[in-house]
Amino acid sequence: GINAEYGAVHEKFIVLGDVNGQVFLLDHSGNIIRQINAHKGPVTCISIDPTGEYIASCSRHDPNVIIKGLYRESSERDSSETFRGGVYSVELGPDFATQGHYVVGTDKVLYNEKGFFGVKRSVLHAGEGPIWTVRW
């Protein structure tokens, strides 16, 4: 079985992150549809965009946010973005599928906008330690 550390539910599927950094996409009956080798340590957060086309995951044990398109036509936004230190939380914006906006919690709250020339980052908040939860 999956030794789940974090989970997220969408009307189309379930996503679980395990203690070994794997991310699993399951149907609502618990059958594994897809497995992604995502992180070096336990998954600390998973986000699903409202359309169900993209998932994002992070781990406080590595500096990467992994974003995956679940369908071939949505894979142009696939990426692995590196941040300074561990990443505690991630949330894809309600318009991620079209605009590429998402928020990350490290020791700061960072607003990220994916564009033609890469990712533009803005600090929304800093100075209070690890940011364990972010919501749009």
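Q: In this predicted model, a residue counts as buried when its relative accessible area is under 20%. With that cut-off in hand, is Cys45 buried or exposed?
A: Let's compare the value with the cut-off. The relative accessible area of Cys45 is 3%, and buried means under 20%. Cys45 is therefore buried.

Q: How many disulfides does the model have?
A: A disulfide needs two cysteine sulfur atoms within 2.5 Å. The cysteine sulfur nearest to that of Cys45 belongs to Cys58 and is 4.9 Å away, and Cys45 is in no disulfide. For Cys58, too, the closest cysteine sulfur is that of Cys45, and 4.9 Å is too far for a bond. The count of disulfides is zero.

Q: Which strands are the edge strands of the open sheet formed by four strands?
A: Start with the order of the open sheet, which is 1-2-3-4, with antiparallel pairing. An edge strand here pairs on one side only, and that holds for residues 4–9 and for residues 32–37. From one strand to the next, the twist averages 20 degrees. The edge strands are strand 1 and strand 4.

Q: Which residue in strand 2 is the bridge partner of Ala8?
A: Strand 2 covers residues 14–18, and its antiparallel pairing with strand 1 has five bridges. Strands of a sheet pair through backbone hydrogen bonds. The bridge partner of Ala8 in strand 2 is Val15.

Q: How many residues of strand 6 are buried?
A: Look at the two directions in which the residues point. Tyr54, Ala56 and Cys58 point one way from strand 6, while Ile55 and Ser57 point the other way, and all are buried. Strand 6 is thus mostly covered, and the number of its buried residues is five of five.

Q: Which residue in the turn of the hairpin of strand 5 and strand 6 has a positive phi?
A: Strand 5 (residues 45–48) runs antiparallel to strand 6, and four bridges join them. In this pairing, Ile46 is opposite Ser57 of strand 6. Five residues lie between the two strands of the hairpin, and the one in the turn with a positive phi, about 75 degrees, is Gly52.

Q: What is the volume of the largest cavity?
A: First, consider how many cavities reach 30 Å³ or more: the count is one. The residues that line the largest cavity include Val23, Ile36, Ala38 and Ile66. Its volume is about 40 Å³.

Q: Which strand gives the most to the lining of the largest cavity?
A: Two elements give two or more residues to this lining, namely strand 6 (54–58) and strand 7 (64–69). Among the lining residues are Ile55, Ala56 and Ser57. With three residues, the strand that gives the most is strand 6.

Q: How many residues in the lining of the largest cavity are charged?
A: The lining includes Ser57 and Lys68. Six of the lining residues are nonpolar and one is polar. The number of charged residues is one.

How values were computed
Residues are numbered from 1 along each chain as its sequence is written. This is a predicted model: local features need pLDDT of at least 70, side-chain atom pairs count only at pLDDT 80 or more; totals for chains, interfaces and linings use all residues. Side-chain values use heavy atoms; hydrogens and water are left out. Two strands pair if DSSP finds at least two bridges between them. Axes are lines fitted to C-alpha atoms, for helices over the stretch in contact, and angles run from 0 to 180 degrees between N-to-C directions. Buried means under 20% relative accessible area, exposed over 50%, partly exposed in between (1.4 Å probe, protein chains only). On a 1 Å grid over the protein atoms alone, a cavity is a set of points where a 1.4 Å probe fits but cannot get out, and a pocket is an open set with protein on both sides within 12 Å along at least five of seven lines; lining residues have an atom within 4 Å of a point. Grid points are joined across faces, edges and corners, and a volume is the space filled by probe spheres set on the points. Ala, Val, Leu, Ile, Met, Phe, Trp, Tyr, Cys and Pro count as nonpolar, Asp, Glu, Lys and Arg as charged, and the others, Gly among them, as polar.
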